[in-house]
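Subject: Structure handover and notes

Hello,

Please find the structure below, followed by notes on what was found in it. The terms are given with their cut-offs where they come up.

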Amino acid sequence: MISSWHSSLFTACIIALLHSSTFAAGNGKDSLLHDYLVKYCTYKNIPSIAAGMNVQGNTVWMDATGLADIENNVPATVNSVYRVASVSKVITSVAVMQLVEAGKIKLDEDVRTYIPQYPRKRWKFTIRQVLEHTSGLRTYKDGEFDSKTPFRNSTEVLNYLAADTLMYEPGTKYLYSSLSFNLLASVIESVTGMPFTQYMQKNIFDRADMRQTCYDEVAKIVPNRVAGYDKNGLRAFENAPLADLSIKFPGGGVLSTVPDLLKFGHALLSGKFFS
């Protein structure tokens with residue numbers, strides 16, 4: 001399910017990746033599911049929503065409703081390209097686990113083993129702790145969620161975060177952190193010798209045949225890109241402010257579609273990424 005809503009982000013989740021044959025298309029189910037999407041869109045008062053269902057590698061249903069672009073009255077379709085927000089973390093995590101299986105990353109190794117240029121902190125923290133949000137690394141500061149600052153690569157983001165102190169002793173607390181996944185991107189670059197986005201394209205997007213999935217570069221022309229919206233004090237839609245997501249590509253910067261997310265889910269469940 002992908003929806004554009006009152007946040008500057010676009011939320012995204014796969015509502016059904018069934019590995020059984022309990023669901024079959026047709027017999028009125030398509031109409032029932034379409035009605036559900038329309039009601040959801042109305043009840044939540046969001047511009048649009050798109051969703052799909054996959055059974056054992058076969059797409060049995062996809063649908064969309066609402067507007068991908070309110071100003072130009074562009075209907076949302078299953079090929080509308082949305083920001084998938086923190087689903088980006090799942091995708092990055094899959095890349096990390098590929099490299100764990102390949103013996104290039106150890107989950108319980110100190111992160112600085114792979115990126116020694118990152119300054120030493122009061123405590124060590126591991127790859128596993130970054131994945132679990134127990135590393136002590138911080139969440140957003142004011143202005144970073146809708147950052148306007150362009151970062152050219154993972155190294156620039158790592159340098160930006162380098163002076164941060166840990167919020168607590170790693171492993172003792174939980175603090176959800178999108179920015180912490182930038183360290184994982186740097187780790188991936190360190191052990192593969194490839195730029196993070198290039199590794200992801202070759203080993204995740206291409207491997208799963210995700211042809212409409214990419215990172216949200218502000219200047220890039222992305223066909224079928226969905227517009228973003230906020231709600232004002234009167235609960236009316238207005239254009240969301242510009243946000244440059246290069247500060248959080250690994251943790252929240254992926255653009256994708258319903259068909260591509262279904263392909264990703266099936267590739268993950270079927271062992272295409274790792275055993």
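In which loop does D164 lie? D164 is in the loop between helix 4 (154-161) and helix 5 (181-192). Helices (H or I, at least four residues) and strands (E, at least two) are DSSP runs, numbered from the N terminus.

Before the rest, the basis of the values. This is a predicted model, in which local features need pLDDT of at least 70 and side-chain atom pairs count only at pLDDT 80 or more, while totals for chains, interfaces and linings use all residues. Residues are numbered from 1 along each chain as its sequence is written, and side-chain values use heavy atoms, with hydrogens and water left out.

D164 counts as buried because its relative accessibility is 13%; buried means under 20% relative accessible area, exposed over 50%, and partly exposed in between (1.4 Å probe, protein chains only). Neighbours within four places in sequence aside, D164 is in contact with K121, R138 and K141, where contact means heavy atoms within 4.5 Å.

S246 lies in the loop between strand 10 (237-239) and helix 7. With a relative accessible area of 8%, S246 is buried. S246 and V222 are 24 residues apart in sequence, and their C-alpha atoms are 16 Å apart in space.

Strand 4 (residues 48-55) and strand 5 (residues 58-69) run antiparallel and are joined by eight bridges. Two strands pair if DSSP finds at least two bridges between them. Within this pairing, G52 has M62 as its bridge partner, and A50 stands opposite A64. The hairpin of strand 4 and strand 5 has two residues between the strands, and Q56 takes a positive phi near 50° there.

Eight of the eight residues of strand 4 are buried, so this strand is largely enclosed by the rest of the structure. In a regular strand the side chains alternate between the two faces of the sheet. Both faces of strand 4 are covered, with S48, A50, G52 and N54 buried on one side and I49, A51, M53 and V55 buried on the other.

Strand 5 also runs antiparallel to strand 6 (residues 74-75), with two bridges between them. L67 stands opposite P75 in strand 6. In the hairpin of strand 5 and strand 6, four residues lie between the strands, and N73 has a positive phi near 55°.

The sheet with strand 8

A separate note concerns an open sheet of three strands, in the order 7-11-8 with antiparallel pairing. Strand 7 (82-83) and strand 8 are its edge strands, each pairing on one side only. Strand 8 is joined to strand 11 (residues 254-256) by two bridges, and Y215 stands opposite V254.

The largest pocket

The largest pocket holds about 420 Å³ of space. Of its 27 lining residues, the closest to the centre are R152, T197, Y215, E217 and F249. Helix 4, helix 5, helix 6 (196-205), strand 8 (214-215) and helix 7 (249-252) each give two or more residues to the lining. By class, the lining has 13 nonpolar, seven polar and seven charged residues.

On a 1 Å grid over the protein atoms alone, a pocket is an open set of points where a 1.4 Å probe fits, with protein on both sides within 12 Å along at least five of seven lines; lining residues have an atom within 4 Å of a point. Grid points are joined across faces, edges and corners, and the volume is the space filled by probe spheres set on the points. Ala, Val, Leu, Ile, Met, Phe, Trp, Tyr, Cys and Pro count as nonpolar, Asp, Glu, Lys and Arg as charged, and the others, Gly among them, as polar.

Aromatic pairs

The structure holds nine aromatic pairs. The ring centres of Y36 and Y40 are 6.1 Å apart and the planes are at 40°, so this pair is tilted. Rings of Phe, Tyr and Trp (its six-membered ring) pair if their centres lie within 6.5 Å; planes under 30 degrees apart count as stacked, over 60 as edge-to-face and the rest as tilted. Both residues lie in helix 1 (residues 29-44), four residues apart, about one turn of the helix. Y36 is partly exposed at 43% relative accessibility, and Y40 is partly exposed at 24%.

F205 and Y215 form another tilted pair, 5.8 Å centre to centre with 45° between the planes. This pair links F205 in helix 6 to Y215 in strand 8, ten residues apart. Both F205 and Y215 are buried. Ring pairs link F196, F205, Y215 and F249 into a cluster.

Regards
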